[in-house]
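Open the model in your viewer and keep the sequence panel at hand. We will go from stop to stop, with something to select at each one.

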Amino acid sequence: HLWHPDASRKAVLAIADRVLAVALGAPLAPAGLAVTNCSHERTDTAIDLETGAARAALPLRFFTEPSA
């Protein structure tokens, strides 16, 4: 989950785009493992009615297997 203090979906989506670029483009596998598949299916956004902050949820999935 990502948050931006303003009620701005545009602002929180800009943060989400950067997080996705890093998460899907970075070598994230620990020693001895290889990432064989990574995916992002959707981005959900909402404005919190109590605080007025924007929120984005980024479900990410990573599969690993032992590296050769």
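On this tour, two residues are in contact when they have heavy atoms within 4.5 Å of each other. Please keep in mind that you are looking at a predicted model.

**Stop 1: Glu65 and its surroundings**

Start by selecting Glu65, which sits in strand S5, residues 60-66. Which residues does Glu65 contact, leaving aside its neighbours within four places in sequence? Show Gly32, Leu33, Ala34 and Thr36, and you have them. If you draw a distance from the C-alpha of Glu65 to that of Gly32, it comes to 8.5 Å, although 33 residues separate the two in sequence. Glu65 has a relative accessibility of 44%, so it counts as partly exposed.

**Stop 2: the sheet**

Next, colour strands S1, S3 and S4. They make an open sheet of three strands in the order S1-S4-S3, and the pairing is antiparallel. S1 and S3 are the edge strands; each has a single partner, so one side of each is left without a neighbour in the sheet. On average, neighbouring strands here are turned by 20 degrees against each other, direction ignored. As a reminder, strands of a sheet pair through backbone hydrogen bonds, either parallel or antiparallel.

**Stop 3**

Zoom in on S3, residues 44-47, and its partner S4: four bridges join them in the antiparallel sense. Thr45 stands opposite Ala56 in S4, and Ile47 stands opposite Ala54 in S4. S3 and S4 form a hairpin with six residues between them. Pick Gly52 in the turn, where phi is positive, at about 80 degrees.

**Stop 4: a salt bridge**

Now select Asp44 and Arg42. How far apart are the closest N and O atoms of their salt bridge? The distance is 3.1 Å. A search of the whole structure finds one salt bridge. Asp44 is partly exposed, with a relative accessible area of 31%, and Arg42 is partly exposed too, at 42%. In general, side chains of opposite charge can pair when their charged atoms come close.

**Stop 5: His4**

Move on to His4 in strand S1, residues 2-4. Is His4 buried or exposed? With a relative accessibility of 18%, it counts as buried, because the cut-off for buried is under 20%. Look at the side chain of His4, which reaches the backbone nitrogen of Asp6 at 3.1 Å. Beyond four places in sequence, His4 is in contact with Ala11, Val12, Ile15, Ala53 and Ala54.

**Stop 6: helix H1 and the core**

Finally, show helix H1. H1 lies across S1, S3 and S4, and runs at about 140 degrees to S1. Then select Leu2, Val12, Ala16, Leu20, Ala54, Ala56 and Leu58: these seven residues form the largest nonpolar core. Two elements give two or more residues to this core, namely helix H1 (9-25) and strand S4 (54-57). The largest share, three residues, comes from H1. In soluble globular proteins, nonpolar side chains tend to be buried together.

To finish, centre the view on Val12. Not counting residues up to four places away in sequence, Val12 touches Leu2, Trp3, His4, Thr45, Ala54, Arg55 and Ala56. His4 from the previous stop is among them.

Conventions
Residues are numbered from 1 along each chain as its sequence is written. This is a predicted model: local features need pLDDT of at least 70, side-chain atom pairs count only at pLDDT 80 or more; totals for chains, interfaces and linings use all residues. Side-chain values use heavy atoms; hydrogens and water are left out. A nonpolar core is a set of buried Ala, Val, Leu, Ile, Met, Phe, Trp, Tyr and Cys residues joined through side-chain atoms within 4.5 Å. Buried means under 20% relative accessible area, exposed over 50%, partly exposed in between (1.4 Å probe, protein chains only). Two strands pair if DSSP finds at least two bridges between them. A polar contact is a pair of N or O atoms within 3.5 Å; within protein, one must be able to donate a hydrogen and the other to accept it, and residues adjacent in sequence count only if both atoms are side-chain atoms. Axes are lines fitted to C-alpha atoms, for helices over the stretch in contact, and angles run from 0 to 180 degrees between N-to-C directions. A salt bridge is a side-chain nitrogen of Lys or Arg within 4 Å of a carboxyl oxygen of Asp or Glu.
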